[in-house]
Every structure is written in structure tokens, then in C-alpha cells.
Amino acid sequence: MSLVKLSAAEIEEMLASLPDWGIDQHKLYRHFVFSNFVDAWGFMSQVALLAETANHHPEWSNVYNRVEIHLTTHDCDGISERDFALARQINSLL
């Protein structure tokens, strides 16, 4: 998988196929809301397993039933295909 920094046009094109994701702070971003803390934490546990397998770890936060995820590829100082691949895997958990 390419670790090349995507251009703004490439990012916009790829975002079209990734509903509910956007750009925040120059990173791929999505906000999730669950019914309670246990569901949010369970989701984070599943994401952690995906991230560890991919060796690509999100920047994230959790407050009660809310989870925010930012994805960026530090090796290229921007967003790469690797971020979009993990975002698609995260979406598949829902």
C-alpha cells in the first residue's frame, strides 16, 4: 500500500466513496455516536485490533458515547491510501 501523500484532489475524490468522513486539521476524520459508553468502548476495541493488524494507529478520543477518529500517515506527513484503507475497515464494523 502506498505511503505517498495524496493531493487535495485525490483526497476529495476518495472521500466521495467514504460517507460520513471528512477532513479536520489536515487529517481524515469521523465522529461516531453510540447508545452508551459500553458500545463506544466495544467499537474502539474492534478498531484497535484492526489498527494493530495494519500497524497503522489512529489518533482518537472517547467521551461517554462519542468517539472521534483522526487518521494521518506520519511517514508522509499527510493523508495516504493507508488512511483510507483503515477508514473503510472501520466503516465495515458499523
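**Stop one: the nonpolar patch**

Select helix 2 (residues 37–54), which supplies three residues, the largest share of the nonpolar patch; helices are DSSP runs of H or I with at least four residues, strands are runs of E with at least two, and both are numbered from the N terminus. This is a predicted model, where local features need pLDDT of at least 70, side-chain atom pairs count only at pLDDT 80 or more, and totals for chains, interfaces and linings use all residues. Residues are numbered from 1 along each chain as its sequence is written, and side-chain values use heavy atoms, leaving out hydrogens and water.

Now highlight the whole patch: Phe37, Val38, Trp41, Val63 and Tyr64 make about 540 Å² of nonpolar surface (patch members have over 30% relative accessible area and no salt bridge, with nonpolar side chains joined within 5 Å; a salt bridge puts a Lys or Arg side-chain nitrogen within 4 Å of an Asp or Glu carboxyl oxygen; areas are Shrake-Rupley with a 1.4 Å probe).

Click on Val63, in strand 3 (residues 59–63). Val63 counts as partly exposed because its relative accessibility is 47% (buried is under 20%, exposed over 50%, partly exposed in between).

**Stop two: Lys27**

Next, pick Lys27 in strand 2 (residues 27–33). Its relative accessibility is 18%, so Lys27 counts as buried.

How values were computed. Patches are made of residues with over 30% relative accessible area and no salt bridge: like charges are joined within 9 Å, nonpolar side chains (Val, Leu, Ile, Met, Phe, Trp, Tyr) within 5 Å. Buried means under 20% relative accessible area, exposed over 50%, partly exposed in between (1.4 Å probe, protein chains only).
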